[in-house]
Structures are given as C-alpha cells and as structure tokens.
Amino acid sequence: MPTSRLFLSLTLLLLLFQSLSLFAVSSSSPIDDGDDDLEGLEELLAIDEEEEEGQKGGGAAAQGKLSEAEVLSRAQRIVLELSNENAKKVIDGNELVLVFGYAPWCPRSAELMPRFAEAAMALKEMGSPLLLAKLDAERHSKAASLLGIKGFPTVLLFVNGSALAYTGGFTAEEIVVWARKKTGVPVIRLSSTNAAEEFHHKHQTFIIGLFENYEGTDYEEFVKAATTDNEIQFVETNDISVAKVLFPDIKPKKNFLGLVKSEPERFEKFEENFVEEQILQFAEYNKFPLITVLSELNSARVYSSPMKLQVFIFAEADDFEHLQLLLQNVARKYKTKIMFVLVDSAEDNLAKPFLTLFGMDSEKQVVTAFDSRHGFKYLLESDFTQSNLEEFCSGLLHGTLSPYFKSEPKPDEGGLIEKVVGRTFDASVLDSAENVFLEVYTPWCVDCEATSKQIERLAKHFKGLDNLKFARIDASLNEHPKLQVNNYPTLLFYPAGDKSNPVKVSKKSGLKELAAFIKENMRSQDDRAVSSSDQPKDEL
C-alpha cells in the first residue's frame, strides 16, 4: 500500500476518533487531572456547603473532604437541568445558552460533567450573561431532537435560539475561554498588579498584550486575533508594571505581545508585525510545550497542529521523566519547526493507531515521524540516543530521510505460492524474470479466504511452468511504494519484461476465466508471448 494512502488512513482514523470524541475523551481511560478538577469543584461548591450546613447542622464541614460521588452529585446542581417540558422555553427565553447534552450511562459524559460544572461557576463569578444548562438526552429525547443533540456528549451554544457547535478545548478553563470569546468578550483587561496576580494564578497559557491607549491598527489586529482564536485567553493592559507580573522580561515599548505557558520555556515574544494572521500563527506554533505528552484531552489539537513535521516517541509512562531532558535538548533546536509528542505506549487508544502503521508493538521504545506535507512516515531504526535523535530530526527537517515501509521478516519457506513481504517485493516481483500472479490480501478481509482457495487451485493447475509463479502478500503487515492497492483482495498480474505496468485482474472471475487470462497474458523472458504448446492443457 502506498505511503500516502497509509497516512490518509491514519488521518481518517484520527478524524473519526475526533468526531466521536467531540468535547469528550475516551471512555477506556480516566482523565489525568480528574483529582485536581474535583478539588477545584469542592472550592466552587462552598456555597452549597454553607447552605446545607445551616439546614443540617454542620454539613460537609463536619464530615471532612467530600467523596468523588458527592462532588459529582453537587456538580449536577450547578447548571440548569433541561427537560422535554422546559427546553424550548429556556432556549427561546435567553439570549445565550450553553447546553451540555449527555447520557447517564456514557462514561465520557460523566468525566466531563465536573469540568462543565466548574466552567459554569467560573463564568458566573465573572458576571457572564451566559446560561449553562444540561440535558439528559436519552431521557428527554424530544428535547434532544429539538436542540439537535444526536450523540453523547454534545455541547452547543445557542445565540438567540440559533445553535453553534462547540469547537473549544476540553478543560474547564478552555470551556470558559471559548464561551467568553463566543459571547463577545475575547480579551480580559487587567488594570492592577493584584488583578494580574489573581489571573496568573488561574491561567497557565495565555497571550499578554501591552498597549498604551487601547487604540490604533496594532491593537485592532490584536483584538481580531483574540476573537478568532478559540483556545487561548488573551489579556491586555496599558500598565507595564501589570504586564511584568505576567511577563517579567518585558521591555518598555509602545506595543508588546507575548505568550506565556507553564513549562521551562515559559515566555515567547512576538517579533512580527501586528497582523491578525501572524498573531494567530505565532499562537499556533508556540502554544505547545517543547515536549507534548499526548492525551485524550489534547489529541485533537495535536492532530490539527499547523506544524507538518511531527516526531512521536512511544515509551512507558514510567520512562517519561527520564526521557524529558534528552527530548528537550533536541526539541529546543527545532522549536516551531518540528513538534515533539510523547505517547504512553500502554494507552491503546493513543498509541495503537500509530504503531500499527509501522507494524510495531509497544514492548520497546519507538521513535517515529510524520511529514504530513507529503504523506510520508519515518522510523528511527538506530539506537535511541540523543545524537541519533538529532540526526534523525535533521534529516526530517531537510528532507533527506528515507520513508519507512513496514515489512514482515524475510520468509524462509518456499511453496506452491510464494510468500512476499515488503523487503522482498523488489526481488520476488519487480526484478523477477518470471510472470508473477500476485494476490494482495489482509487477514480481516471478508472475501480474501475464498479468493485464496481459488488461487491455490489455479497455482496447482499451472504447476511446473518455469516462467510463471504465484505469490501473495499480506498488506496489513507489508508495504512497498510500487504496490498500489485500494481494496482487498486485489489480484495483479506482472508480465515478464514489463513489471512497471501490472494488470489488475477481476477477483470475481471464475477459475476458467483466470486460467484463460494467464494464458493470454503470459510472456517469455525476452518479452514474447508464450506459445500455446508451452502452456498446460486446460483441465479446469
């Protein structure tokens, strides 16, 4: 299968995963920072606790830390519950409504409920006019149909009754950022150092703009970029002492823009002209850390990154800390040019789609790379050391790496039908002096088994001819740049003397039709048609 098709297959797989996971994470793995979210919710739920304490005499304060079940239960009450009876009234009666459609049995819904609730409380504290509501879409199917909720979970923003699909991130902070931007507040203005310190405490990644009078072309482009971007919070100030709280290395100048993130390489200065497109590109290329640890929460962002060169390192989670320094030393040299992604090889949902493309397993550390500009993939086949990784990345950047094509080990056995693998395809098929009848199959193909039995009968019929051989290749485990396959099974006939133009044979043909086709198309080594006297008698 050609590399471009394989890369396309991966892309389609990832898009499918992304569509199924809209505002969701995989149900097979827990959310990494779930404990932090629950702790945050406990603070946000203090109002509830105080109310219940007055009613029950002590309440949660006397009982100690809330259990996860209690936190989730209280989170249910933070947002308005919709039903078949009130859904239309709520949507029609409010200018801005963010609706979370869920199902009680859906694990992804359960994982996202506290995040949605935390976002609701944060927006309320900010004085946002946005109403947050939730709908048990399975129980209230009529309301779900009315609102356009077809899967679980689904998030929709209703503006004066018109629905807008949610396109933001998956944490509570990202929900807040997206919601504020879509409801007319793309930028937060900070006027004091105390306000800046409080903001910094709550936000890990943001863009800071310093503008003397909040006017002019530069400022207008800044606001346009803040409105267009869906994921990063933009803040502004006209006081350099306030700006220094967020970006300590700022120098006095008329206009300044910088990006802050929570990692050793925390501060990135914007050095280009203040143009919306360039600001957005700056944000896209710098919002990721030097090393991104792939998760269910950030996978959509990683897959859609504008950085077309990406290096994926697959390792066990226990090795992450050990690898960080090595990877950062290399990644620092290729910042904004190559994206480095660290993947827990034990997380099948994240690792398996990639490793399958390389025919690899998760038992050892694996370094791969993708160039999505050309649909090529690469594998670091030497030892995983810093110097080898640097050489690998340099080749990726400058286009000197050879694309990787997966292959099974070279087979030992012969047989009536020759087994071909990726690394023997040239010798067995393209460079062979014989006519080659090739069967391309996969183990999961429904029709392949019946076709294989038919080809075996055909091979027995033609047994003994020196200028004809039958071969088969498992396309799920083997690739070659000259093997163009779109479906399975595929039957290809490579005539002697002209292997560059294989003839595709109909897999629906019967045995006699296949035999007649072979007799008609067989050629001798000097490219002459084989005479009928050289061919076996028709016994089919």
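Visitor: In β18, which residue is the bridge partner of V436?

Guide: In this predicted model, strand β17 (residues 435–441) and β18 pair in the parallel sense over seven bridges. For V436, the bridge partner in β18 is K469.

Visitor: What is the handedness of the β-α-β crossover from β17 to β18?

Guide: Between β17 and β18 the chain passes through helix α19, residues 448–461. This β-α-β crossover is right-handed.

Visitor: How many of the residues of strand β18 are buried?

Guide: From β18, L468, F470, R472 and D474 point one way, and all are buried. K469, A471 and I473 point the other way and are likewise buried. Strand β18 (residues 468–474) is thus mostly covered, and the number of its seven residues that are buried is seven.

Visitor: How many aromatic pairs does the count come to?

Guide: Two rings form a pair if their centres lie within 6.5 Å. By this rule, the number of aromatic pairs is 29.

Visitor: Why is the pair of F211 and F222 classed as it is, and what is that class?

Guide: Planes under 30 degrees apart count as stacked and over 60 as edge-to-face, with the rest in a third class. The ring centres of F211 and F222 are 4.9 Å apart and their planes stand at 55°, so the pair is tilted.

Visitor: Is F222 buried or exposed?

Guide: F211 lies in strand β7 (residues 206–211) and F222 in helix α11 (residues 217–228), eleven residues apart, so the pair links distant parts of the chain. The cut-off for a buried residue is under 20% relative accessible area. F222 has 0% relative accessibility, so F222 counts as buried.

Visitor: How many residues apart in sequence are the parts that F222 and F234 tie together?

Guide: The rings of F222 and F234 have their centres 5.5 Å apart and their planes at 55°, so this pair is tilted. F222 lies in helix α11 and F234 in strand β8 (residues 233–237), so the separation of these parts, in residues, is twelve.

Visitor: Over which ring does the charged end of R189 sit?

Guide: Ring pairs link F211, Y214, Y219, F222, F234, F270, F274 and F282 into a cluster. The charged end of R189 lies 3.6 Å from the centre of one ring, that of Y214.

Note on methods: Residues are numbered from 1 along each chain as its sequence is written. This is a predicted model: local features need pLDDT of at least 70, side-chain atom pairs count only at pLDDT 80 or more; totals for chains, interfaces and linings use all residues. Side-chain values use heavy atoms; hydrogens and water are left out. Rings of Phe, Tyr and Trp (its six-membered ring) pair if their centres lie within 6.5 Å; planes under 30 degrees apart count as stacked, over 60 as edge-to-face and the rest as tilted. Helices (H or I, at least four residues) and strands (E, at least two) are DSSP runs, numbered from the N terminus. Buried means under 20% relative accessible area, exposed over 50%, partly exposed in between (1.4 Å probe, protein chains only). A charge sits over a ring if NZ of Lys or CZ of Arg is within 6 Å of the ring centre and within 35 degrees of the ring normal. Two strands pair if DSSP finds at least two bridges between them. A crossover is right-handed if, with the strands pointing away from the viewer, the path from the first strand over the helix to the second runs clockwise.
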